[in-house]
Structure formats: structure tokens, C-alpha cells
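Please keep the sequence and the structure in view while reading.

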Amino acid sequence: ELCLAASTGDNQKVKTLIASGADVTYFNKEGLTPLMLAAKQGHADVVKTLIDAGAPWNALSPANLSAGDFAMDLDAFDLLLNAGIRSELILGTIARKDNKVGDFDGDYLEDRVSFSEDKIMDADSKAVMMAWEKPLMEAHAKAICSGGHILNIGFGMGLVDTAIQQYGPASHTIVEAHPEVYKRMCASGWAEKENVKIVFGRWQDVIQQLDTYDGIFFDTYGEYYEDLREFHQHLPSLLKPGGIYSFFNGLCGGNAFFHVGYCQLVSLEL
Ligand SMILES: C[S@@+](CC[C@H](N)C(=O)[O-])C[C@H]1O[C@@H](n2cnc3c(N)ncnc32)[C@H](O)[C@@H]1O
């Protein structure tokens, strides 16, 4: 009944049903929640009622779509986006207070990686970096390079570093933590380049050895949003006035709405 009222936009009925105990977390036989149905039909007032009643903004349909992915109306979309950002900000603050985030999960750095011409894979056969990302890395390099002193965190296949070199920076510092990636970059002559300084270690452990830079790029692997957030807190002391910072944004890459939410969150927190 709640699903029907939500999809027909009967806000009064939705309120009455909720007041009499209807379950706002219910999934119908298609795997959709009342919130998804209201968003899909563009009923922003119903979306608001359901969110206020605690309907989960981040529930997923069988096709991995959330209410925000279904939203056909800008007001409904904004309500869902604000609900998502608010909850992530609050949950992040609580988790940080309880020290439940940011713990170092060293697995990736302790495991072997395998190299081929067009990719680096981790021990679980997940891609650390792939050659198709070259144009993206070139765009990042272009954004951060205007001569001067450049810092890159995470060497990977060296795509962004190769592009950075083309701008002839005065200095080019690369931080890399994986022993095998580090070995490979040294073997391919990066340590001999005149303007290149390689710092081996996790950025978290070597940050005190770093200087200030005109351009900074950040692209690690096997880390969490909290690590990126922590790196951002160091930016004021790493970036020269007028300097440019860019990062690989793979935040919630598997869901378009969550990705938009995290883009907003990261800009709010930066
Ligand atoms: C996605 S790749 C970087 C790809 C690179 N942007 C390119 O253009 O090829 C991520 C790299 O970050 C390194 N890495 C992961 N965690 C790190 C950390 N905490 N500090 C420094 N490097 C890290 C990984 O070993 C890997 O080489």
C-alpha cells in the first residue's frame, strides 16, 4: 500500500500509512523501495516525507540503482543528494570520533603485483592501473603543470609522470609505496632523471620529507576515502600559493548517484 501511495504521489496517504506503522524500508517484488518509486515518478513531496521518516536513501535495487539514480525531478534529486551528504558527513564524523576509520590496511602493499604492457594487477587480479587511463592522466598532468615544482603520489605505470616530464618541471617528486613498483621504476631509469626525486614509502609515512609544490597529483590504490580526506588536510602545507591540485576521482565509481554525492562531499570537505 505504501509503495502504491508513493508511486502515485499521494503524500497524505503516505503520511497516514507511516503514522500507522508502515515499513519505509520495504522492498516490493521488483526489489524497489517506496522512496525509489516516489523518486522515479518525480514526487518530491513524497520523497521528503519518506526521507524524514528514515527511508534509506542508499538502498539498492537488484540493478544496483539507488533512489537518486531513479530521480526524474530535480527537487527529488536534490533532496536525496542532501540526505546522502548529510548522512555521510555525520557518519564520517562519528566514525572518526570512535577511531573506526583510517586504520591502515596494509594488504595491497604487502602482496605481489604483476606487470604487463597494458596493466598492473594486484594479488586478487584487480587492476591497479590500466593503459587506457593514459588520456586521463595526460589531462591531470596538463592541469597541474605550469613548470615549477611538481609532486605526484602513486607511480603505478608512470603514465602521469611521463606526461608531467613533458612539461619540463624544475623538480618532479614521486612518492611510491609498493616495493615492486618502486623497483620497476628504478629499473626503468626514473631514478637517473635529473629533475626527478623518488621518495619510497607510504605518503602517510614520508610526508614530513616533502616540500612545497606548484602542482600536486594524488592517485593511490588500496586506500579509502578517509585516506584521501587525510591527504587533503595536508594540502595547505604542501601546495604553494596559487598552486594546483588534482586527484584521481574513482569515488563510488560503481554507482552514478553515489559518485555525484561523493564529489559534493569531497568539495565540501576540501
Ligand atoms: C593507480 S596507481 C597510480 C597510477 C599513476 N597515476 C599512473 O599514471 O600510472 C596507484 C599507485 O599508488 C601506489 N600507492 C598505494 N598506496 C600508496 C601510499 N599510501 N603511498 C604511496 N603510494 C601508494 C601503488 O603502489 C600504485 O603504484
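A polar contact is a pair of N or O atoms within 3.5 Å. With that cut-off in mind, and remembering that this is a predicted model, we can begin at the ligand, where a backbone N or O atom of Met-157 lies 2.9 Å from an oxygen atom of the ligand.

| Residue | Atom of the residue | Atom of the ligand | Distance |
|---|---|---|---|
| Gly-156 | polar backbone atom | oxygen | 3.0 Å |
| Met-157 | backbone N or O atom | oxygen | 2.9 Å |
| Glu-223 | polar side-chain atom | nitrogen | 2.9 Å |

How much of the ligand's area does the protein bury? Taken alone, the ligand exposes 610 Å², and the protein buries 99% of that area. The elements that contribute two or more residues to the shell around the ligand are the strand β3 (127–130) and the helices α9 (159–165) and α11 (203–206). There are 24 residues around the ligand, and those that come nearest are Tyr-108, Val-160, Glu-176, Asp-219 and Glu-223. Sorted by class, this shell consists of 13 nonpolar, seven polar and four charged residues.

The next topic is the division of the protein into parts. Domain 1 covers residues 2–97, while domain 2 covers residues 107–254, and the centres of the two domains, taken over C-alpha atoms, are separated by 39 Å.

Helix α4, which runs over residues 44–52, has Ala-44, Val-46, Val-47, Thr-49, Leu-50 and Ile-51 as buried residues. An α-helix has 3.6 residues a turn, so residues three or four places apart point the same way. The cover over the buried residues of α4 includes α1 (2–8), α2 (11–19), α3 (34–40) and α6 (74–97). Just after α4, Gly-54 takes a positive phi of about 95°.

Is Asn-28 buried or exposed? Asn-28 counts as buried because its relative accessibility is 16%, and buried means under 20%. A polar atom of the Asn-28 side chain lies 2.9 Å from the backbone nitrogen of Glu-30. When its neighbours within four places in sequence are left aside, Asn-28 is in contact with Cys-3 and Leu-37.

The second residue, Val-260, lies in helix α13, which spans residues 256–269. Val-260 has a relative accessible area of 31% and is therefore partly exposed, since that class lies between the limits of 20% and 50%. Not counting residues up to four places away in sequence, Val-260 touches Phe-77 and Leu-81. Val-260 and Leu-81 are 179 residues apart in sequence, yet their C-alpha atoms are 8.2 Å apart in space.

Finally, we can turn to the protein as a whole. Its secondary structure comes to 13 helices and eight strands, and its C-alpha trace spans about 70 × 40 × 35 Å along the principal axes. Of the 270 residues in the protein, 44% are buried. Among the contacts with a separation of 6 or more, 61% are between residues 24 or more positions apart. The protein exposes about 14,000 Å², of which carbon and sulfur atoms supply 53%.

Key. Residues are numbered from 1 along each chain as its sequence is written. This is a predicted model: local features need pLDDT of at least 70, side-chain atom pairs count only at pLDDT 80 or more; totals for chains, interfaces and linings use all residues. Side-chain values use heavy atoms; hydrogens and water are left out. A residue is near a molecule or strand if one of its heavy atoms lies within 4 Å of it. A polar contact is a pair of N or O atoms within 3.5 Å; within protein, one must be able to donate a hydrogen and the other to accept it, and residues adjacent in sequence count only if both atoms are side-chain atoms. Accessible areas come from the Shrake-Rupley method with a 1.4 Å probe; for residues, only the protein chains shown count as cover. Helices (H or I, at least four residues) and strands (E, at least two) are DSSP runs, numbered from the N terminus. Ala, Val, Leu, Ile, Met, Phe, Trp, Tyr, Cys and Pro count as nonpolar, Asp, Glu, Lys and Arg as charged, and the others, Gly among them, as polar. Domain bounds come from an automatic or database domain assignment. Buried means under 20% relative accessible area, exposed over 50%, partly exposed in between (1.4 Å probe, protein chains only). Contact means heavy atoms within 4.5 Å.
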